[in-house]
Amino acid sequence: MIAGLLALLLGGHAAAQPSSCAALTTLQLPDVKITEAVAVAANAPPPKPSSPLAPSIPIRVAHCRVNGVVGKEIRFTLLLPDEWNRKLMMGGGGGFVEGIDNQAASSINSGYATVGTDTGHQGLAVDASWALDSIERQLNFGHAAIHRVAEVSKAIVRARYNAAPARTYFNGCSNGGRQALMEAQRYPEDFDGIVAGAPAYDFTGLAAQFVMDSKAAFPDKASLSKPLFPMDTLKSVESQIVAKCDAVDGVHDGLMEDPRRCNVDVSALTGLTDQQRRALAIIYGEKKLPDGTVIYPPQPIGGEGDTAEGWPLWINGVNPMLQVAYRAPSLRFGFGTQFFKHFVFNDPEWDYLKYDFENYRRDARVAGAMLNATDPNLDAFKKRGGKLVLYHGWSDAALSANATTKYYDQVKARDPKAEDFARLFMMPGVAHCQGGPGPDRVDWYRVIDDWVEKGAAPERIIASKVMSGKTTRTRPLCAYPMKATYKGSGSIDDEASFTCAK
């Protein structure tokens, strides 16, 4: 409905077009209130991040900042550069979306108009209390808010520049990656190109994984303040895995090109108690219901001792910042328990230790219908000429990389020509969205833009590792299932020493 009204309002030459930033506050759009439109100078102090875990994004270019509300409470911020490249880049939001979040905000420095939203609520990134007994908020978070803000943003862009965007893109990671796949599946006309990083696309499945892992890592209430795995133990586990698996891909470089190629027997790891071994076996393993049905893929080995983005932050909970910022021993514990409390059972007192998953399918059915982006049918997105790029770090302790390869394999199974519009790139040694020892920096804006604009399907992408402002390693990312293979000579820190091969 809103799309038709916007088309009527802004179609042709009859609609009045504001010529200044401030004039956008007078723009009349159905079910939309523009609360602010201000000119911002180049290199102004960056806005405060929506989450303590989110980086501050410096904006180097002069622009018009537009704040507004769609419907009752879907807030958004749209940035319109003075020097526009005729394209719109929407950014996703991480976690439960703490506030107005735009994971593609830096695209404005390349000339893109860019927008982010809070998806209809405010709160902590690991707090879902806003969803309690509110189907509207759950639906907005699930998919409706991104679609509505995308349509409104296109209308405002046209009003500001007196021209519609020539290309539209979406770029998000984690929950933002889920939003990306939701757009490709439910709203295929919204964007020409989509980048989905480490997508939390099976929201109910990963929430079940999080709770099952939390029961293993925190088997009683006392363990919430005394983790089962001390930091030294996790580092030892990672060291033993690297020693066994590093060279399987043909080169000693501290990275595993594909962790699935190396089998690790938990019972053979040294320095562990029997309880720790049992917990590790659960965390690494497939997640199954009591009837034996597998509902989530296994966790790849790697990242166990990474204090910044690995197991201490996500799985084990020896990171004290979490207790202060989110009142959770680990992020998996926080996200998993919050989801079941506020999306599934509408019970803030729900106890993770008492849930046996016997009725999981029934319990999670309604939430899954709103949040899961698991449909491999992308025919409509393909038909409209859309392009999809997925990526995932193999050392991601937040979301199993095996889930992303599973989804991509499903897409290819139903469409043997899926590579014509969808490509996946796996990133060795990279943690959740970024970080870890592997090369984690990629210009995803250029990758998707070149594919959409120039028809240049990505085969080999160069990723970089930057430390203290200096590039320390480059490595090719190969279109899955191809892998980067060492040629046998040359620096292991130079992408030119590697070729893509099966």
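## The second largest cavity

The second largest cavity holds about 50 Å³ of space. A cavity is a set of points, on a 1 Å grid over the protein atoms alone, where a 1.4 Å probe fits but cannot get out, and lining residues have an atom within 4 Å of a point. Grid points are joined across faces, edges and corners, and a volume is the space filled by probe spheres set on the points. The model is predicted: local features need pLDDT of at least 70, side-chain atom pairs count only at pLDDT 80 or more, and totals for chains, interfaces and linings use all residues. Residues are numbered from 1 along each chain as its sequence is written, and side-chain values use heavy atoms, with hydrogens and water left out.

The lining consists of Cys 245, Val 248, Asp 249, Met 256, Glu 257, Asp 258, Pro 259, Arg 261 and Cys 262. By class, 5 of these residues are nonpolar, none is polar and 4 are charged; Ala, Val, Leu, Ile, Met, Phe, Trp, Tyr, Cys and Pro count as nonpolar, Asp, Glu, Lys and Arg as charged, and the others, Gly among them, as polar.

## A disulfide in the lining

Two of the lining residues, Cys 245 and Cys 262, form a disulfide with their sulfur atoms 2.0 Å apart, the term denoting a pair of cysteine sulfur atoms within 2.5 Å. The link of Cys 245 and Cys 262 is left-handed, with -70° about the S-S bond. Cys 245 lies in helix 5 (residues 231-245) and Cys 262 in the loop between helix 5 and helix 6 (274-284), so the pair ties together parts that are 17 residues apart in sequence. Helices (H or I, at least four residues) and strands (E, at least two) are DSSP runs, numbered from the N terminus. Both Cys 245 and Cys 262 are buried, that is, under 20% relative accessible area with a 1.4 Å probe and protein chains only.

## The largest cavity

The whole structure contains 3 cavities of 30 Å³ or more, and the largest has about 90 Å³ of space. Among its 13 lining residues, Glu 257, Trp 394, Met 426, Met 482 and Lys 483 are the closest to the centre. Strand 13 gives the largest share of this lining, 3 residues. The lining of the largest cavity comprises 9 nonpolar, no polar and 4 charged residues.

## Other disulfides

In total, 4 disulfides are found. Cys 478 and Cys 500 are joined with their sulfur atoms 2.1 Å apart; Cys 478 belongs to strand 13 (residues 470-478) and Cys 500 to strand 15 (residues 498-501).

Methods: Buried means under 20% relative accessible area, exposed over 50%, partly exposed in between (1.4 Å probe, protein chains only). On a 1 Å grid over the protein atoms alone, a cavity is a set of points where a 1.4 Å probe fits but cannot get out, and a pocket is an open set with protein on both sides within 12 Å along at least five of seven lines; lining residues have an atom within 4 Å of a point.
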